[in-house]
Amino acid sequence: QVQLVESGGGMVEAGGSLRLSCAASTRTFGSYTMGWFRQAAGTEREAVAEITGSGGVIAYTDSVKGRFTISRDNAKNTVYLQMNSLKPEDTGVYFCAARSFLSSKYQFWGQGTQVTVSS
């Protein structure tokens, strides 16, 4: 079982930046692919970014490319999402998730952190 705790959400004006963090409680953090997801009110959850255990493969959804950066520090069991040039449409609850390299589905989820971008 992996517990994930997100932090760093908040309110920001359009064009601003936020850095989300997700701390994981596992001794084998480096074996997990980590992802960030978001869900706006009344919409389905969508994938935002993903990073493999070694940090060697990174993927982003098109709407955040060039603005968001996912990274991880395996020594600190933490994954980050740096969000720059934020837009009102980035508003939502942001979740981090973990899946083992053996699984194609995310198995563990955090409780989420709210990000609100005002225009």
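Trainee: Is Arg 67 buried or exposed?
Mentor: Arg 67 is buried, at 10% relative accessibility. Buried means under 20% relative accessible area, exposed means over 50%, and partly exposed is in between, using a 1.4 Å probe and protein chains only. Keep in mind that this is a predicted model, where local features need pLDDT of at least 70, side-chain atom pairs count only at pLDDT 80 or more, and totals for chains, interfaces and linings use all residues. Residues are numbered from 1 along each chain as its sequence is written, and side-chain values use heavy atoms, with hydrogens and water left out.

Trainee: Which side chain does Arg 67 meet in a salt bridge?
Mentor: That's Asp 90, at 2.8 Å from N to O. A salt bridge here is a side-chain nitrogen of Lys or Arg within 4 Å of a carboxyl oxygen of Asp or Glu. Asp 90 is buried too, at 1%.

Trainee: How many salt bridges does that rule give?
Mentor: Five.

Trainee: Which residues are joined into one network?
Mentor: Salt bridges with shared partners link Arg 38, Glu 46, Arg 67 and Asp 90. Within that group, Arg 38 and Glu 46 pair at 2.6 Å, N to O. Arg 38 is buried at 6%, whereas Glu 46 is partly exposed at 31%.

Trainee: Okay, new topic: what does Lys 65 pair with?
Mentor: Lys 65 forms a salt bridge with Asp 62, 3.0 Å from N to O. Lys 65 is partly exposed at 49%, and Asp 62 is exposed at 61%.
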